Amino acid sequence: IRRCSYFAKDVTVFDKDNKSEPIRVLVTGAAGQIAYSLLYSIGNGSVFGKDQPIILVLLDITPMMGVLDGVLMELQDCALPLLKDVIATDKEEVAFKDLDVAILVGSMPRREGMERKDLLKANVKIFKSQGAALDKYAKKSVKVIVVGNPANTNCLTASKSAPSIPKENFSCLTRLDHNRAKAQIALKLGVTANDVKNVIIWGNHSSTQYPDVNHAKVKLQGKEVGVYEALKDDSWLKGEFVTTVQQRGAAVIKARKLSSAMSAAKAICDHVRDIWFGTPEGEFVSMGVISDGNSYGVPDDLLYSFPVVIKNKTWKFVEGLPINDFSREKMDLTAKELTEEKETAFEFLSSA
């Protein structure tokens with residue numbers, strides 16, 4: 001375990017003015033490229049607020065500990081006043097202890113020639129182990145955000161392996177897809193992404209996800225109008241727009257030869273900040289959450305992306321949105337994929 005006492009020393013002065021207790025935040029896959037884009041934003045107060053001290057815990061596999069030392073050095077060199085301590089480790093019992101927030105970025109990536117089933121099997125093992133560690137060592141109030149793919153099913157696996165932590169505390173990242181959808185609409189209309197709100201990502205963080213703008217609004221010349229009304233281009237919205245968002249991750253890999261990192265880190269920050277501080281009045285966001293009790297005909301016990309609002313660190317489904325036939329078909333298709341993934345994962349879960 002590498003600790004960094006430099007931080008503790010540095011922050012005693014700061015603590016005189018700051019009465020907040022530090023929160024413990026874990027990032028897994030901490031030597032990877034998403035974490036490299038994420039850690040500075042967590043450390044500088046962009047996620048949990050400018051007056052919230054943080055104990056940052058970095059977990060990765062043993063062969064990555066040398067790289068992780070380099071990340072630790074860089075965090076020291078950022079001289080961030082909010083970082084009370086940074087702990088780099090390859091041990092779950094150290095990493096998961098007394099956590100307030102766990103951001104599970106690390107997962108087994110899909111290798112060439114690997115079947116989706118093989119990928120699921122490898123990840124069930126990882127997330128079963130991490131779920132059990134959360135159950136054993138973390139606070140029961142811990143908020144768990146799963147990023148590592150296949151994110152929805154990994155999140156469900158972790159939740160099932162941590163029965164003493166409320167399943168509502170687990171969510172997976174579909175905010176990157178949500179932000180991609182917002183950005184595509186903004187680009188098409190020549191406005192900023194901030195002028196677009198209430199897009200929805202339904203379902204799986206995969207190419208079956210359904211980006212839905214039937215309920216989205218855009219600010220044009222100072223007034224809010226529906227996106228369909230503003231664009232007047234139904235065939236683009238039901239065709240190219242949907243496929244662009246669904247396949248954006250693959251397009252980035254093709255261009256960069258690496259998967260999305262900067263945009264993924266930004267989306268994680270948005271997702272966690274909204275859990276921490278709540279969603280703005282009149283706005284909802286997309287998040288993979290447990291489907292129990294939803295009113296949209298999605299089967300229970302799936303980790304499915306829905307529109308949610310968040311208040312007091314608790315999310316609620318956005319209720320009562322009318323669903324047309326086009327949307328229904330897309331929502332059912334992605335639910336079917338998630339059901340199949342879950343069944344495959346749970347076969348492995350009982351034997352893992």
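How many bridges join β8 to strand β11? I found 2, and the two strands run antiparallel. Strands here are DSSP runs (E, at least two residues) and helices likewise (H or I, at least four), numbered from the N terminus; two strands pair if DSSP finds at least two bridges between them.

Ground rules I noted: this is a predicted model, where local features need pLDDT of at least 70, side-chain atom pairs count only at pLDDT 80 or more, and totals for chains, interfaces and linings use all residues. Residues are numbered from 1 along each chain as its sequence is written, and side-chain values use heavy atoms, with hydrogens and water left out.

Confidence. I read a mean pLDDT (the predictor's confidence in each residue, from 0 to 100) of 93 for the chain.

Sheet. I traced an open, antiparallel sheet of 3 strands in the order β8-β11-β12. β8 (196–197) and β12 (223–226) each have a single partner strand, so one side of each lacks a neighbour in the sheet.

Salt bridges (a side-chain nitrogen of Lys or Arg within 4 Å of a carboxyl oxygen of Asp or Glu). I looked up the total, which is 13. R175 and D274 meet at 2.8 Å, N to O. R175 is in helix α7 and D274 in helix α12, so this pair ties together parts 99 residues apart in sequence. E224 and K197 meet at 3.1 Å, N to O, linking strand β12 to strand β8.

Accessibility. K197 is buried at 17%, while E224 is partly exposed at 43% (buried is under 20% relative accessible area, exposed over 50%, partly exposed in between; 1.4 Å probe, protein chains only).
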